[in-house]
4 protein chains.
Amino acid sequence: MLKIGPYSFHSRLLLGTGKFPDFDTQKKAVEASETDILTFAVRRMNIFEPDQPNFLEKIDVKKYTLLPNTAGAKTAEEAVRIAKLAKASGLCDMIKVEVIGCDKTLLPDPVETLRASEMLLAEGFIVLPYTSDDVLLAKRLEELGCHAIMPGASPIGTGLGIVNPLNIHYIIEQAKVPVIVDAGIGVPSDAAKAMELGADGVLLNTAVSGAQDAVKMAQAMKHAVWAGRGGFEAGRIPKKLHANASSPLEGMSVL
Amino acid sequence: MLKIGPYSFHSRLLLGTGKFPDFDTQKKAVEASETDILTFAVRRMNIFEPDQPNFLEKIDVKKYTLLPNTAGAKTAEEAVRIAKLAKASGLCDMIKVEVIGCDKTLLPDPVETLRASEMLLAEGFIVLPYTSDDVLLAKRLEELGCHAIMPGASPIGTGLGIVNPLNIHYIIEQAKVPVIVDAGIGVPSDAAKAMELGADGVLLNTAVSGAQDAVKMAQAMKHAVWAGRGGFEAGRIPKKLHANASSPLEGMSVL
Amino acid sequence: MLKIGPYSFHSRLLLGTGKFPDFDTQKKAVEASETDILTFAVRRMNIFEPDQPNFLEKIDVKKYTLLPNTAGAKTAEEAVRIAKLAKASGLCDMIKVEVIGCDKTLLPDPVETLRASEMLLAEGFIVLPYTSDDVLLAKRLEELGCHAIMPGASPIGTGLGIVNPLNIHYIIEQAKVPVIVDAGIGVPSDAAKAMELGADGVLLNTAVSGAQDAVKMAQAMKHAVWAGRGGFEAGRIPKKLHANASSPLEGMSVL
Amino acid sequence: MLKIGPYSFHSRLLLGTGKFPDFDTQKKAVEASETDILTFAVRRMNIFEPDQPNFLEKIDVKKYTLLPNTAGAKTAEEAVRIAKLAKASGLCDMIKVEVIGCDKTLLPDPVETLRASEMLLAEGFIVLPYTSDDVLLAKRLEELGCHAIMPGASPIGTGLGIVNPLNIHYIIEQAKVPVIVDAGIGVPSDAAKAMELGADGVLLNTAVSGAQDAVKMAQAMKHAVWAGRGGFEAGRIPKKLHANASSPLEGMSVL
C-alpha cells in the first residue's frame with residue numbers, strides 16, 4: 001500500500017494523462033497500467049467551458065484519484081493560483097507542485113518550489129512537490145510538511161532514466177514520507193530500478209504516451225513497478241567482484 | 001513464445017535450481033517464477049543412487065522442461081561425457097554447454113566451448129552454449145548450428161547485471177537463433193534490461209536462490225521479464241538530451 | 001587562463017590543503033600539482049594564536065592565491081562571520097561559500113548557500129559557492145552575481161567521481177561565469193572528464209591528500225586537468241554505435 | 001618503462017598513423033604525443049612502389065619503433081602472409097595481429113586471432129594480438145606465448161571508451177605480460193581510466209586523427225596516459241557511499 005497523507009493506494013504507479021495520440025489509446029493505457037492515481041495539468045482542464053471536449057472524456061474518473069499538477073507555473077504565486085482553481089472545481093485536495101525554472105531542460109526551480117509548497121501547506125493542501133534530486137532540498141521540503149517528495153530521475157520527457165541513483169538513494173534513506181520518482185523514466189527497467197532503490201512509487205507519462213504501442217508499454221510499466229518493488233522487498237544478493245572469491249570491496253574501484 | 005530448436009515455451013525466464021536454502025523454498029520459488037525450463041548441473045543428479053535424496057524431489061518435474069548443463073566440465077570431452085550421461089538417463093536432448101576456464105571468475109573457455117558445441121551438435125543434441133559476450137564467438141557458435149546463444153551479463157554469481165550492453169546488443173542484432181542472457185543477473189531491473197535489449201530470454205539462479213526471500217524474488221523476476229519484453233515490443237521513446245530541444249545527438253558525448 | 005572576478009590563473013587545478021599526513025607531504029604535493037590556488041577552512045587558521053603551528057607552515061604562501069572557505073558553517077550567518085574573519089586577517093577577498101546541510105553526506109544546503117552568497121556579495125566579496133549539481137540552483141547563484149559556480153561531482157571525500165555528468169553539462173551550458181567542479185573526485189580520469197565536459201577548473205583535496213602517494217597523485221592530477229582541458233579544446237570524435245555504419249543515434253538506447 | 005619482449009619504451013602511448021587529414025598534421029601529432037611506437041597497416045605501405053608517396057613521409061622514422069599490423073586480414077593465413085611481408089621489407093620483428101571477423105563492428109575473430117598468433121610465434125615474431133575483452137581468450141593468447149595482450153576498450157573508431165572495465169580488470173589481474181588497451185578510446189579520460197585500471201599502455205588512432213585539432217588531442221592523450229599511470233601508481237582513495245560513515249559496501253547496490 002502506498003500511503004500519501006490520509007490516502008491509501010494499491011498501485012505504486014502514478015500515470016500522467018498528457019500527450020497520448022488519442023482518447024481511446026489514453027483510456028486503454030490507463031486501464032492496462034492498473035494505476036490508482038492519474039495526474040494532469042490543471043491548465044489543460046476545460047473547467048469553465050463545458051462545451052469543450054474533456055481531456056479525460058473516455059476515462060471513468062470515479063475509479064481514480066485525480067492528482068492535479070501546477071504545470072505551467074513559473075512562480076510560487078502562479079502555482080498557488082492553479083492549485084486553488086483545481087480545488088474550487090471539486091478536485092481532490094492533493095496537488096503536485098511543479099514550478100519549472102528553465103524552458104529548455106524543464107527542470108524545477110528550487111526556490112519557487114519551496115515557496116509554493118509552503119504556501120499550499122498553509123492552505124491545507126496535501127502537497128507533493130516535483131523537485132530535482134538535490135538531497136538537502138528534498139529534506140527541506142519534507143521539513144516543511146510535504147506529504148511526499150517527488151525527485152526527478154532525469155529531465156521531463158528525456159527518457160534518460162535514473163541518472164543519479166546515489167542522490168535518489170540518499171533521499172530515500174533520509175525520508176520519512178513517501179518518495180515517488182518522477183520524470184525521465186524511459187523504459188520498464190528504469191521504473192524497476194527506482195523501486196529497487198526503495199522508492200515508494202514511480203510517476204511517468206511520456207514513456208507510455210510516447211511509446212510506439214502505448215497500451216503495451218503501460219502494461220509493461222505495471223509489471224516493472226511490481227518487479228522492482230518485489231526485488232526491493234525480497235532483498236537482493238550482494239554485488240561481488242568475483243563469484244568465487246571473498247573480495248567484494250575491490251569492486252568499488254573497477255565499476 | 002520462446003522457440004528453441006523444435007521446442008516452444010510460454011515463459012522467457014529460465015531458472016536454475018541450485019543453491020536454494022531448502023527444497024521447500026526451491027519448490028515455491030520455481031512455482032512463483034512461472035518458468036517452463038529448469039536448469040541443473042548433471043553432476044548433481046543422483047542417477048545411479050536411487051536411495052539418495054533427489055535434488056528436485058519436491059518439484060513436479062513433469063510440468064517443466066529440464067535443461068541439464070555441463071557445469072564442472074573444463075574440457076570439451078568432459079562436457080560431452082556429461083551430456084551423454086544426461087541423455088542416457090532419459091533427460092531432454094537439450095544441453096546447456098558450460099565449460100569454465102577459470103575457477104576465480106567462472107568465465108567460460110571460448111575454445112573448449114566451441115569444441116564441445118561442435119561435438120554435441122554432431123551427436124544430435126539441441127545445443128545451448130553458455131558463452132562470454134564476445135560478439136564473434138557468438139557468431140561462430142551460431143554458424144556451427146547451435147540452437148540458442150547464451151551470453152553472460154556478468155560472471156556467475158556476481159549479481160553485477162549487464163556490464164556490457166553494447167556487446168549484448170551486437171549479439172542480438174546479428175543472431176538468427178534465440179539469445180538468452182545468462183549469468184550475473186542481480187535484480188529484476190537487470191532482467192528487464194536484458195529483455196529490453198531484445199533478448200529472447202533470461203536465465204538466472206543465484207539472484208533468486210540467494211535472495212533474502214527467494215520466493216518473492218522469483219515472482220519479481222517473472223514480472224521483470226514480462227516488463228522488459230513488453231517494453232521491447234512496445235517500442236521505447238528515444239533518449240533525448242533536452243526534453244524541449246531537438247539535439248538528441250549531443251547526448252552521446254555527455255552520458 | 002582561468003579568470004575569476006578580477007583575477008587570472010594559469011592553472012585550472014585548485015587544491016585543498018587539509019588532511020595531508022604531514023606538512024612535508026603537503027608542501028611537496030602542492031608543488032607537484034603546480035596549482036595557483038590553495039583552499040583551506042578558515043576555522044583551521046590559528047589567526048589569534050601566533051605561537052601555534054601554522055597549518056601551511058612549509059608552504060611559501062606568497063606564491064599562491066589563498067582561497068579561504070567557510071567549512072563548518074551550517075547557516076548563512078555563520079558563513080558570513082567566517083568570511084569576514086578571513087578578510088580581517090588580511091586574506092584575499094575571494095571566499096568559497098560552503099554551508100553543509102547534512103553531517104552524513106556533507107552535501108550543501110541550497111537555501112543557506114543562496115542566502116550566504118547574497119549576503120557576501122553585498123559585502124563586496126568575490127564569491128564562489130560550493131553547491132549541489134542542481135541546475136536551477138546554479139542558475140540562481142549566477143543571477144545573484146556569484147563570480148564562479150562550484151558544483152560537486154559527488155559528495156565530499158567519497159571519491160565517486162562525476163555521478164551526474166548530465167547536470168554538470170547543463171550547468172556549464174547555461175553558465176556565463178566559470179564553473180569549477182568541486183568535491184568527489186577520486187582519480188585523474190574523473191578530473192579529466194570534468195574538464196572534457198567543459199568545466200573551467202577542478203577543485204580537489206582528499207583524492208590527493210588521501211592517496212597512498214600524495215605527491216605522485218598531485219602530479220597525476222595536474223596532467224589530468226591538462227589532458228581534459230586539451231581534450232575539450234581539441235574537439236572529440238563523435239561516439240558511434242558502429243565504426244563502419246552511419247547510425248549514431250541508435251546508440252542512445254543501448255548505452 | 002614499458003617492456004615488450006626484448007624491447008623497452010619510455011612512452012606508454014602507442015599511436016596509429018592512419019586517417020590523419022594530411023602528412024603535416026600527422027607529423028605534428030606524432031611529435032606532440034611523445035610516443036615511441038607507431039602502428040600502421042602493412043597493406044598501406046608502398047613497399048614495391050618507390051615512386052609513390054610514403055604514408056609516413058614527413059616522419060623521421062628512425063626515432064620510432066614501427067609496429068606493423070595485419071589490418072585487412074580475415075584469416076590467420078592472410079595475417080601471417082602480411083606479417084612476413086612486413087619482415088621482408090626490413091621492419092621490426094614485432095607484429096600486431098589484427099584479424100577482423102565482422103565488417104560492421106570491426107571486432108576481432110577469436111579463432112583466427114588465436115591461430116594467427118600461434119603461427120607467428122612459431123615463425124619467431126614478437127606477437128601482440130588485438131583481441132576482444134574475453135578474459136579466457138586473453139589467457140589463451142598469453143599461454144601461447146604472446147608478448148603482450150591488446151584487448152579493445154570498445155569497437156574500432158567508435159570512441160565509446162571502456163565499455164567493460166570489469167573484463168579489462170580481470171585481464172590485467174591475470175596477465176604476466178603487458179596489457180595494452182587498444183581501440184575505442186574517444187577522449188583523454190578514457191585513456192587515463194585504462195591506465196588507472198593497471199594497463200601497461202594504451203593504443204589509439206582515430207581519437208587523435210579524427211579530432212578537430214589532432215595535434216592538441218595528441219598532446220592531451222600524452223598527459224592522459226601520464227595522469228592515469230600516475231594515478232595507478234599513487235594508489236587511489238577508496239570509493240565510499242558516505243564521506244562521514246563507515247559503510248563502503250553498501251555502495252555496491254546503489255551505483
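**Stop one: salt bridges in chain C**

Select Arg115(C) and Glu77(C): their side chains meet in a salt bridge, 2.3 Å from N to O. (The rule wants a side-chain nitrogen of Lys or Arg within 4 Å of a carboxyl oxygen of Asp or Glu.) Arg115(C) sits in helix α3 (residues 110-122) and Glu77(C) in helix α2 (residues 76-88) of chain C, so the pair ties together parts that are 38 residues apart in sequence. Helices here are DSSP runs of H or I with at least four residues, and strands are E runs of at least two, numbered from the N terminus.

Before you click on, some housekeeping: this is a predicted model, where local features need pLDDT of at least 70 and side-chain atom pairs count only at pLDDT 80 or more, while totals for chains, interfaces and linings use all residues. Residues are numbered from 1 along each chain as its sequence is written, chains are lettered from A and ligands numbered from 1 in the order in which they are written, and side-chain values use heavy atoms, with hydrogens and water left out.

Next, pick Lys96(C) and Asp182(C), another salt bridge, with the closest N and O atoms 2.8 Å apart. Lys96(C) is in strand β6 (residues 94-97) and Asp182(C) in strand β9 (residues 180-182) of chain C, so this one ties together parts that are 86 residues apart in sequence. Both Lys96(C) and Asp182(C) are buried (under 20% relative accessible area; exposed is over 50%, partly exposed in between, with a 1.4 Å probe and protein chains only).

**Stop two: chain B against chain D**

Show both chains: 27 residues of chain B are in contact with 27 residues of chain D, contact meaning heavy atoms within 4.5 Å. How many salt bridges does the rule find across the interface of chain B and chain D? There are 6. Zoom in on Arg140(D) and Asp109(B), whose side chains meet in a salt bridge at 3.0 Å, N to O. Now colour α3 (110-122), α4 (135-144) and α5 (165-174) of chain B; each supplies at least two residues of the side that touches chain D. α4(B) gives the most, with 5 residues.

**Last stop: rings in chain A**

Select Tyr7(A) and Phe9(A). Their ring centres are 6.5 Å apart and their planes at 40°, so the pair is tilted. (Rings of Phe, Tyr and Trp, its six-membered ring, pair if their centres lie within 6.5 Å; planes under 30 degrees apart are stacked, over 60 edge-to-face, the rest tilted.) Tyr7(A) is partly exposed at 27% relative accessibility, whereas Phe9(A) is buried at 4%.
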